[in-house]
Amino acid sequence: MTYILQVDFKMDGPFGDEMVGAFEDLAKSINNEEGVIWKIWTENSDTNEAGGIYNFETKETAKKYLDMHSKRLTESGVTDIKAKIFAVNPRLTEINKGPAK
């Protein structure tokens with residue numbers, strides 16, 4: 001079983017291609033974090049929100065990453081961070097063609 005970490009927060013930008021330029025190195029570094037399987041980057045420029053959906057090998061690695069990431073976001077001035085961790089039901093996820101282990 002794997003675990004999903006869902007994080008979102010208020011952000012004034014950048015979004016779209018500018019976001020890629022600003023966060024490409026960060027995106028690459030996330031691949032080296034313990035337990036990360038994949039991440040989907042999310043953004044909504046209409047509501048000034050951003051975040052991500054992460055898949056982790058264990059609940060513990062998801063929690064560890066969330067602690068580190070929340071600290072990093074807070075230190076960069078981000079507030080109103082919302083986060084949840086969910087277990088993935090692999091059998092139902094596979095029926096709907098989702099990536100599940």
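**View 1. Asp8 and its bridge partner in strand E4.** In this predicted model, Asp8 is bridged to Lys82, a residue of E4. The two strands concerned are E1 and E4, the latter made up of residues 82-87. Six bridges link E1 with E4, and the pairing is antiparallel.

**View 2. Strand E1 against strand E3.** E1 covers residues 3-10 and E3 covers residues 49-56. The two strands run antiparallel and are joined by eight bridges. Tyr3 has Phe56 as its bridge partner in E3. Further along, Phe9 stands opposite Ala50, again a residue of E3.

**View 3. The largest pocket.** This pocket has a volume of about 200 Å³. Its lining consists of 16 residues, and those closest to the pocket centre are Phe9, Phe23, Leu26, His69 and Leu73. One of these, Phe9, is the residue that stands opposite Ala50 in E3. At least two lining residues come from each of E1, H1 (16-30), E2 (36-44), E3 and H2 (59-75). By type, the lining holds 10 nonpolar residues, four polar residues and two charged residues.

View 4. Gly13 and Pro14 are joined by a cis peptide bond, with omega at about 5°. Most peptide bonds are trans. Pro14 lies in the loop between E1 and H1.

**View 5. The backbone at Asn48.** Asn48 is not a glycine, yet its phi is positive, at about 55°. A negative phi is found for most residues other than glycine. The loop that contains Asn48 is the one between E2 and E3.

**View 6. The whole chain, for orientation.** The protein chain contains three helices and four strands. In sequence order these elements give the pattern β-α-β-β-α-β-α. The radius of gyration is 14 Å, close to the 13 Å from the globule rule for 101 residues, so the protein chain is as compact as a globular protein of that length. The C-alpha trace spans about 40 × 25 × 25 Å along its principal axes.

Definitions and conventions: Residues numbered from 1 in each chain as written. Predicted model: local features only at pLDDT ≥ 70, side-chain atom pairs only at ≥ 80, totals over all residues. Heavy atoms only, no water. Pairing = 2+ DSSP bridges. 1 Å grid on protein atoms, 1.4 Å probe; cavity = no way out; pocket = protein on both sides within 12 Å on 5 of 7 lines; lining within 4 Å. Points joined across faces, edges and corners; volume = space filled by probe spheres on them. Nonpolar A, V, L, I, M, F, W, Y, C, P; charged D, E, K, R; others polar. Rg over C-alpha atoms; globule rule 2.2 N^0.38 Å.
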